[in-house]
Amino acid sequence: MILKLNNMRNKLFLSALVAFSMNANATEDPILMTVNGKDVKLSEFEYMYHKNNKQQIEKESLENYVDRFVVYKLKVAEAEATGLDTLSSFVKEFNGHKAELIKPYLNSEKYTEPFAKEAYERMKKNLYVSHIMMPPLPENESKMDSIRNCVLSGEDFGELAKKYSSDHYSAEKGGDLGLMWVGKYPYEFEDASYRTSVGKVSDVVKTAFGYHLIKVTGENYITGKYRVAHIVKTYKRKFNEIDSTNINAVNSSVDSVYNLLKNGADFAEIAKEFSDDKRSGNNGGELGWFGAGQLVKAIEDKMIITRVGEISEPSKAEYGVHIVKVLEYKPLGDYEDVKDDILAIVNRDDRSEVIQNMKIEDLKKELGYNENLKFESEIETLLSKNGFDSVFVTTMQSSKIPVFSYKGGEVLVSDIAKTWSPKLHLGVEQGRNYVRKSVDNVINETLLNYEKDNLANKYPEYANLLNEYKEGLLLFEISNKKVWDKSSSDKEGLENYFNKNKSKYTVWEQPKFKGLIVFSLNDSIENEVKEYMKSLGGDTVATALHKKFRRNIKIERHLTSKGDNRFVDELVFNGEKAEPDKKYKNYFILEGKLIEQPEEAADVRGQVTTDYQNYLEKQWIKDLKSKYKVKINKKVLKLVKG
């Protein structure tokens with residue numbers, strides 16, 4: 001009995017705490033208004049109000065803005081009531097905007113800034129490097145350690161590269177990779193290189209390509225951006241492959257051009273005449289401004305080692321040969337000047353994976369991530385029997401063992417294994433790696449998705465911005481449907497509006513010719529046109545003439561005053577003989593008359609359409625106010641900060 005009473009007291013106490021918490025939150029961000037049963041909190045209104053005033057020359061009064069805000073919310077309510085927010089086209093567009101808005105919150109400066117600053121410091125010099133590489137097999141790590149010990153004990157790095165390196169292209173050159181800069185190679189490779197002194201070798205480094213031993217052979221301090229031009233001659237292709245019989249001819253012709261340029265020939269003229277890249281060739285071969293990592297290797301390697309105003313030796317690529325000219329050089333600026341460019345590199349290369357892993361580790365702590373060790377032992381036991389096979393997959397797909405838990409729930413083995421194919425057969429080690437990779441992918445995806453779904457709770461500014469985008473899209477779609485499209489497509493409504501308000505549009509100071517003028521190539525075609533017209537009904541004349549005579553004639557529709565068009569002046573207002581067009585020598589009035597004032601909406605379409613839109617807008621707002629209930633809390637409104 002005492003236990004039951006204690007439990008009851010605990011529940012009452014917890015209920016009181018929850019109620020207090022809810023009231024505290026309500027006080028912090030109270031409801032300002034309710035539109036069609038949907039609450040609008042003070043924070044959202046203040047966000048929109050202050051943003052609006054920042055965009056205005058003169059500050060708008062709170063009273064006026066409240067009225068406009070209510071109308072805005074009524075239109076959004078109408079859009080939601082008609083289901084616009086559920087259309088696949090809307091969802092797709094909104095999700096596209098959402099994906100862009102999320103990025104700064106997932107990749108905050110806390111993670112990206114250290115990498116950006118590190119990259120900036122490294123951009124102040126490029127490195128000459130050589131390497132020895134072996135495939136990413138576990139046994140090769142110890143082999144690479146042995147090779148490193150050989151180098152440290154005095155054996156020649158180049159000879160060891162020729163003997164052991166799996167990168168055959170560089171192995172032939174003693175492992176030489178040439179010039180390296182930020183972003184050129186995987187981040188792990190770059191990081192090890194920049195941490196190694198000139199003449200020294202790195203520790204063994206693992207990348208997605210394998211195990212590496214890196215030797216830094218020199219430094220180059222020419223960095224920044226280059227304005228470059230090039231001449232390229234491409235090898236011919238035969239059956240979608242390079243025609244080997246053409247390679248020598250292309251190489252020889254490029255050598256001849258290179259000799260011409262060395263003897264003073266104009267680079268721009270040669271590019272126009274000789275280059276197979278016609279787009280740049282027509283512009284003297286110019287490609288524009290580029291930094292490291294932005295051009296193909298054959299151009300980039302020469303760009304960095306060529307002085308301004310000079311041309312490079314021919315540079316061979318798989319598809320052809322380039323000659324490069326550096327037109328201008330701009331050194332690396334201050335960090336703030338190039339920060340955006342560096343962040344773009346950081347967010348697109350291997351650094352982004354390192355940053356995401358840091359983010360995941362923080363999320364694990366924040367979301368109470370806990371991995372189930374029983375799952376690990378279960379996997380190990382099953383894999384050790386027959387490896388990764390159909391029995392293993394089927395067993396895992398029905399397993400209810402949790403893999404991990406977090407604030408949002410738990411993920412079972414079956415949740416992960418459902419994507420595995422029973423037809424896949426792997427050994428124990430390969431199976432272990434495959435499972436681990438699958439689990440890591442699900443962990444990352446699950447935690448990041450939870451974070452994305454809860455960003456609005458963590459960052460009020462993001463919540464407001466996201467809501468603004470969503471409602472802005474809805475507002476555009478519903479306004480288009482109710483006002484803008486209707487005003488242009490509702491011809492009957494437009495005409496009725498014009499007739500009811502005709503006095504507003506009697507503003508012409510002089511009469512206008514309203515009609516069609518036909519232009520033809522010569523006299524004989526004009527006569528043919530006039531003869532053909534006798535067999536046509538009035539409503540089909542222009543269409544029929546276009547169909548029969550096509551480009552031999554052109555028809556112009558006019559609503560023109562005296563002095564506005566030379567042909568109308570001659571044919572209608574008895575003006576001077578008009579100077580004919582070069583192509584269409586003859587012209588005559590197909591149909592038309594002088595009118596003193598507008599006769600129909602089409603005569604003043606722009607003005608009438610605008611007025612009709614305003615009329616539709618007012619009627620729509622009136623209907624919305626009667627259709628949807630709005631309730632404003634005046635006490636909360638007084639809390640709005642000016």
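Two strands count as paired if DSSP finds at least two bridges between them. The model described here is predicted.

**The sheet**

Three strands make up an open sheet, ordered E17-E16-E18, with antiparallel pairing. Strands E17 (553-561) and E18 (586-595) are the edge strands, each pairing on one side only. On average, neighbouring strands of this sheet are turned by 15 degrees against each other, direction ignored.

Strand E16 (residues 512-520) and E17 run antiparallel and are joined by nine bridges.

Helix H23 lies across E16, E17 and E18.

| Helix | Residues | Strand and angle |
|---|---|---|
| H23 | residues 541-549 | E17, about 145 degrees |

**Serine 487**

Serine 487 belongs to helix H20, which spans residues 460-489. Is serine 487 buried or exposed? Serine 487 has a relative accessible area of 1%, and because buried means under 20%, serine 487 is buried.

Leaving out residues up to four places away in sequence, serine 487 touches Leu494, Thr609, Tyr612, Gln613 and Leu616. With one of these, glutamine 613, the side chain of serine 487 makes a polar contact of 3.1 Å, to the side chain of that glutamine.

Technical notes
Residues are numbered from 1 along each chain as its sequence is written. This is a predicted model: local features need pLDDT of at least 70, side-chain atom pairs count only at pLDDT 80 or more; totals for chains, interfaces and linings use all residues. Side-chain values use heavy atoms; hydrogens and water are left out. Helices (H or I, at least four residues) and strands (E, at least two) are DSSP runs, numbered from the N terminus. Axes are lines fitted to C-alpha atoms, for helices over the stretch in contact, and angles run from 0 to 180 degrees between N-to-C directions. Contact means heavy atoms within 4.5 Å. Buried means under 20% relative accessible area, exposed over 50%, partly exposed in between (1.4 Å probe, protein chains only). A polar contact is a pair of N or O atoms within 3.5 Å; within protein, one must be able to donate a hydrogen and the other to accept it, and residues adjacent in sequence count only if both atoms are side-chain atoms.
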